Amino acid sequence: MNFEPSREFAIKKLEDFIDKNLHEYSKLRNFDFGPEQRKNVSSISPYITHGILSETEVIKNSLKKFSFAKNEKFVQEVLWRIYWKGWLELRPLVWSDYIIELKKLKKEFYNNKNYLNAIEGKTNIECFNYWISEIKKYNYLHNHARMWFASIWIFTLNLPWQLGAEFFMKYLLDGDSASNTLGWRWVAGVQTKGKNYIASEWNIKKFTNNRFSQIKLNENPQPIIDNRNYSISKNDFLNNEINNNDNLIVFENSLSIECSDFRELDFKNIYLVQKDNDTREIKLDEKVLKFKEDLISDQKIRLENKSSKIEIINVKDLKNLDGNNIALYPSIGEINDFLISNNLKNIKYLYRKIDQYAWKYCNKGFFNFKNYIPKIVTEFI
Ligand SMILES: Cc1cc2nc3c(=O)[nH]c(=O)nc-3n(C[C@H](O)[C@H](O)[C@H](O)COP(=O)(O)OP(=O)(O)OC[C@H]3O[C@@H](n4cnc5c(N)ncnc54)[C@H](O)[C@@H]3O)c2cc1C
């Protein structure tokens, strides 16, 4: 598995997948044949997470090859990401509660043998130990492996889902506050209340092509109980007016602004913002930080023919910026937390058109959202 940190590489990866493998996606997507045989899925998530490829661009290109009817599963999966994002945007307390609980659990489990054995891959479950070494080596796991891993973590190793979500965020190149937190909540049975995802020996054996033995799991667990109900606390995502004397702030989630809704706009300065581990609650693996750093440099090179002055700055320097500052919305997550805790709330935001439109339909479950997918596709693709 190879994830070069450039838009050029991301486009090539997407094109290759569409040309050679998309036709079998719905049939083969659930198989995890191992890191050297990943052609059955696109592996473009590290690029979508950083805005190197946009969801609209990915769907548009796939629909050039196959009709919506033939391509429905892939389109749904890409939009699932927007759904998770919107779901969390409407309920930001889910994220802040997660961070509060994580801080507490980190102290509690600091020296816990069961936890330390799990993150070192020293359990008696062969496949789990393998996925620990895989994620550390490649900074990626197949979707099905993420589901099995999370289920084993919670229900067989009896560890808190919050620590598992932290472990994924640390190592995944595609680490995303919405997809990851809500993915873990879903496996635990607190996202869709009472419905947990249960990994089983036969399922793992079948979808890994019998690569593993010794899969003794708790296959009859109860879902985690969480009685909190999160009501919708925010639902307007309106853009501010912009004028060409404003500065544009770009965070690590929007690193292809020359292809974005805002590509025609002129700004005085464009600041590409880097965030180190000392300003993160979840400390990232060095390879993940380096990937982000390189993607930011790649974006800088691609912007260099713009009339604006382009500069890479540290997130801590934001408070020293003069003038009118407008930012591409960073989403609920660690960057947003930093802006709030440093009283930088006065930065105005720009939201993508597709998010403004699709997040309206994230008030209920994904099955409800799915009904609006044809509408979203007609509107934006
Ligand atoms: C516990 C858990 C944690 C996860 N954490 C993350 C995360 O931090 N970041 C992340 O991007 N995805 C996360 N996912 C979702 C999913 O596993 C990855 O998006 C997918 O494996 C990426 O591989 P791919 O690009 O080959 O996907 P493909 O199958 O080729 O799908 C294409 C794109 O659709 C989107 N997508 C596909 N499946 C999902 C899904 N279930 N949820 C949301 N979007 C999806 C991704 O952007 C992906 O790149 C998580 C899933 C689980 C169960």
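Predicted model: local features only at pLDDT ≥ 70, side-chain atom pairs only at ≥ 80, totals over all residues.
Which residue takes a positive phi just after α14? The residue is N343, with a phi of about 60°.

Figure 1. The fold contains 17 helices and 5 strands. Along the principal axes, the C-alpha trace spans about 65 × 50 × 35 Å. Of the 381 residues, 40% count as buried. Take the contacts between residues at least 6 apart in sequence: 72% of them join residues at least 24 apart. The chain is divided into domain 1 (7–89 + 358–380), domain 2 (106–207) and domain 3 (247–350).

**Figure 2. The residues around the ligand.** The shell around the ligand has 27 residues. Those that come nearest are V41, S42, S45, N180 and G183. Sorted by class, the shell has 12 nonpolar, 9 polar and 6 charged residues. Which helices each supply at least two residues of this shell? They are α3 (45–49), α5 (68–90), α9 (143–156) and α11 (177–188). Domain 1 (7–89 + 358–380) gives at least three residues to the shell, and so does domain 2 (106–207).

**Figure 3. Where domain 2 touches domain 3.** The C-alpha centres of domain 2 and domain 3 are 30 Å apart. In this region, 9 residues of domain 2 are in contact with 10 residues of domain 3. On the domain 2 side, the elements that give two or more residues are α10 (161–171) and α11. Of the elements on that side, α10 gives the most, with 4 residues. The residues on the domain 2 side divide into 4 nonpolar, 3 polar and 2 charged.

Figure 4. Helix α14 covers residues 334–341, and E334, I335, F338 and L339 are buried in it. Seen down the axis of α14, these buried residues fall within an arc of 140°, so they line one face of the helix. N343 lies in the loop between α14 and β5 (348–350). Its phi is near 60°, a positive value in a residue other than glycine. For comparison, most residues other than glycine have a negative phi. Is N343 buried or exposed? N343 counts as exposed because it has 8 C-beta neighbours inside 10 Å, and the cut-off for exposed is 12 or fewer.

**Figure 5. N210, in the loop between α12 and β1.** The loop that holds N210 runs between α12 (201–207) and β1 (247–250). N210 is not a glycine, yet has a positive phi of about 55°. N210 has 9 C-beta neighbours inside 10 Å and therefore counts as exposed.

**Figure 6. T156 and its surroundings.** T156 lies in helix α9. With 19 C-beta neighbours inside 10 Å, T156 counts as partly exposed; a buried residue needs 20 or more. Which residues does T156 touch, not counting those up to four places away in sequence? They are I125, L217 and N218. T156 and E219 are 63 residues apart along the chain, and their C-alpha atoms are separated by 8.3 Å.

**Figure 7. Y372, in the loop between α16 and α17.** The loop that holds Y372 runs between α16 (366–370) and α17 (373–380). Y372 is partly exposed because 17 other C-beta atoms lie within 10 Å. How many residues apart in sequence are Y372 and Y361? They are 11 residues apart in sequence, and their C-alpha atoms are 7.4 Å apart in space.

Notes
Residues numbered from 1 in each chain as written. Contact = placed C-beta atoms within 7 Å. Near = placed C-beta within 6 Å. Nonpolar A, V, L, I, M, F, W, Y, C, P; charged D, E, K, R; others polar. Domains from an automatic or database assignment. Arc of directions from axis to C-beta.
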